[in-house]
Amino acid sequence: GNDSHLLIRAAKEGAGAVTSKSCSLSAREGHSNPTMVDSNGVMLNAIGLSNPGVDEEIGEIRAAVKGAGVPVIASIVAFSVEDFAAVAGRISEARPHMIEVDAACPNTHKEGKMFAAYAHDAAEVAAAVRGATKIPFSMKLSPDVPNIGEIAKACVDSGANCITAINTMGGMYVDAYARKGVLHNWFGGVSGPALKPVALKAVHNIRQAVGPKVPIIGTGGVATGLDAIEMIMAGATAVGIGSAVVLRKEVFRDVASEMAAFMKENGYGKLSQLKLED
């Protein structure tokens, strides 16, 4: 969420770092309900980027940085390259440990295309953000593209310090009785366990494209310690958890303990040993 108390709560429940919900230059109400549906662990949402705007979010991030006790990643979103730079500059006043640049949201676009759809557009955003802040930032990318590795490489070449992969994948549920889409927006983003194989492939492709030194935050379908192990084996440096907070209680602590148990049982002494065989 955008509220500091939610970020602090996640940290207290065992998260090693916390990422805020994306904020934009101005406040947004987002879409009307229904905005989310859960069917057998497959989430579909179209929130519409509801957020209080960067002016208010600065205070929330400051409070989270002070109270969470873990690194705080402030996520930003915008509707133009210039606004990405403006939001990055403003949120930097809160001194988050890192900024996440959400170029992958389908609600944001350049001439009808999301910024993460093409390497040139994503790189343009990365360069603008790099010029607006000295704080490290990660580009959040979409799986709905032909070559996510190429786009990630372009972002890194333009100043991104890290890649977050992936955002949700486009999807739709239909209410056959009402003859309408289930969500108010009809279309939304698929998350939850169904997204994991897509995320694993994306992370692996990005790792091959950017090399061994660029950090990758792997997100998408992680709900267990084994999921997280697989994500790291695919090439992730760190692992993000989203929808699983709905599916499991104590998810952060449990995932961490399950990872530790797997590593002990299989003779791994450190995370860097978790690599796929060539």
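Hi everyone, let's start with Trp186, which counts as partly exposed because its relative accessibility is 39%. On that scale, buried means under 20% relative accessible area, exposed means over 50%, and partly exposed is in between, using a 1.4 Å probe and protein chains only. Trp186 sits in the loop between strand 10 and strand 11 (187-191), and although it is not a glycine, its phi is positive, about 70°.

A word on where this comes from: it is a predicted model, where local features need pLDDT of at least 70, side-chain atom pairs count only at pLDDT 80 or more, and totals for chains, interfaces and linings use all residues. Residues are numbered from 1 along each chain as its sequence is written, and side-chain values use heavy atoms, with hydrogens and water left out. When I say helix (H or I, at least four residues) or strand (E, at least two), I mean DSSP runs numbered from the N terminus.

Arg179 also has a positive phi without being a glycine, at about 55°. You'll find Arg179 in the loop between strand 9 (174-175) and strand 10 (180-181). Arg179 counts as exposed because its relative accessible area is 75%.

One more backbone feature: the peptide bond from Ala165 to Ile166 is cis, with omega near 15°. Ile166 belongs to the loop between strand 7 (162-165) and strand 8 (169-172).

Now to strand 4, residues 72-76. Why is it largely enclosed by the rest of the structure? Because five of its five residues are buried.

Which strands pair with it? Strand 1 (residues 18-19) runs parallel to strand 4 and is joined to it by two bridges; pairing here needs at least two bridges found by DSSP. Thr19 has Ile73 as its bridge partner in strand 4. Strand 5 (residues 98-102) also pairs with strand 4 in the parallel sense, over four bridges, and there Ile73 partners Met98.

Finally, Val210, in helix 6 (residues 196-210), counts as buried because its relative accessibility is 13%. Beyond its neighbours within four places in sequence, Val210 is in contact (heavy atoms within 4.5 Å) with Ala152, Lys153, Val156 and Ile216.
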